[in-house]
Amino acid sequence: GMLERVRVAETRLDAATREAAELRTKLEEARDNARRDPLTDLPNRRAFEEAFAAQSASGELICVAICDVDHFKSVNDRFGHAVGDRVLKAIAEALTQSCQGHLVARYGGEEFAILFTGISRGAARATLDHARSIVAAKRYRLRDSDEPLGAITISGGVTLARTGEDYATVYQRADALLYDAKSAGRNLIRYDK
């Protein structure tokens, strides 16, 4: 009868609502995964660029840093990619801890990016240089043989984003500063004066 049909319809509606909720959750996870680096679990380049756009619209003070693991290719060549991956994870952790309160992303390969918000250029530079010294002080060893990997260091460039500047401009400036740090001997942070 009528009641039965209503009950069936309600059950179907419940199922449809639940399915819709599950789909939404899956979509959000997918969206989150599309913004996350699977190795380090850090936000990725896309997430970083979106965060820059959002912060820049809010008018807050922003500095962008681009960092790179020095001689990373030789780590991979000498010890293999599994060791290289562990090094990247360790650096991701060191950067995240040293730059707490700011967005640290894996930008791709051995490159990391940090979005410093609400602090001065000097403070951003000091924070990044502290992160650099923590990475340089770590002693990495091979798990099985305890063989030392040698020093692992990072170089970086940090720049202040000026009001209304687009991301590409800010990124290029930070990247040029990173290049300067590499040319000047690595394990250095360069910044705009």
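Let me begin with two residues, phenylalanine 48 and tyrosine 107, both of which are buried, where buried means under 20% relative accessible area, exposed means over 50% and partly exposed lies in between, with a 1.4 Å probe and protein chains only. What we are looking at is a predicted model, in which local features need pLDDT of at least 70 and side-chain atom pairs count only at pLDDT 80 or more, while totals for chains, interfaces and linings use all residues. Residues are numbered from 1 along each chain as its sequence is written, and side-chain values use heavy atoms, with hydrogens and water left out.

On confidence, pLDDT is the predictor's confidence in each residue, from 0 to 100, and the protein chain has a mean of 91, with 99% of its residues at 70 or more.

Now back to the rings. Rings of Phe, Tyr and Trp (its six-membered ring) pair if their centres lie within 6.5 Å, and planes under 30 degrees apart count as stacked, over 60 as edge-to-face and the rest as tilted; by this rule there are five aromatic pairs. Phenylalanine 48 and tyrosine 107 have ring centres 6.0 Å apart and planes at 90 degrees, so this pair is edge-to-face. Because phenylalanine 48 lies in helix H2 (residues 45-58) and tyrosine 107 in strand E2 (residues 103-108), the pair ties together parts that are 59 residues apart in sequence. Phenylalanine 52 and tyrosine 167 are also edge-to-face, since their ring centres are 5.1 Å apart and their planes stand at 65 degrees; this pair links helix H2 with helix H6 (residues 167-183), and its two residues are 115 residues apart. Phenylalanine 52 is buried at 3% relative accessibility, and tyrosine 167 is buried at 14%. Ring pairs link Phe48, Phe52, Tyr107, Tyr167 and Tyr171 into a cluster.

Next, the interior. A nonpolar core is a set of buried Ala, Val, Leu, Ile, Met, Phe, Trp, Tyr and Cys residues joined through side-chain atoms within 4.5 Å. The largest one has 33 residues, of which Ile91, Phe112, Ile114 and Phe116 touch the most other members. Its largest share, eight residues, comes from H4. Leaving aside residues up to four places away in sequence, isoleucine 91 touches Val69, Phe112, Val135, Tyr140, Ile152 and Ile154, a contact being heavy atoms within 4.5 Å. A second, separate core of 15 residues includes Val64, Tyr107, Ala161 and Ala174.

What does valine 158 touch? Valine 158 is found in strand E4 and is buried, with a relative accessible area of 0%; leaving aside residues up to four places away in sequence, its contacts include Cys63, Phe116, Arg125, Ile189 and Tyr191. Its C-alpha atom is separated by 7.4 Å from that of isoleucine 189, which is 31 residues apart from it along the chain.

Finally, the cysteines. The structure holds zero disulfides, a disulfide being a pair of cysteine sulfur atoms within 2.5 Å. For cysteine 63, the nearest cysteine sulfur, that of cysteine 99, is 12 Å away. The sulfur of cysteine 99 is 7.5 Å from the closest cysteine sulfur, in cysteine 67, which is too far for a bond.

Notes. Helix = DSSP H or I, 4+ residues; strand = E, 2+ residues; numbered from the N terminus.
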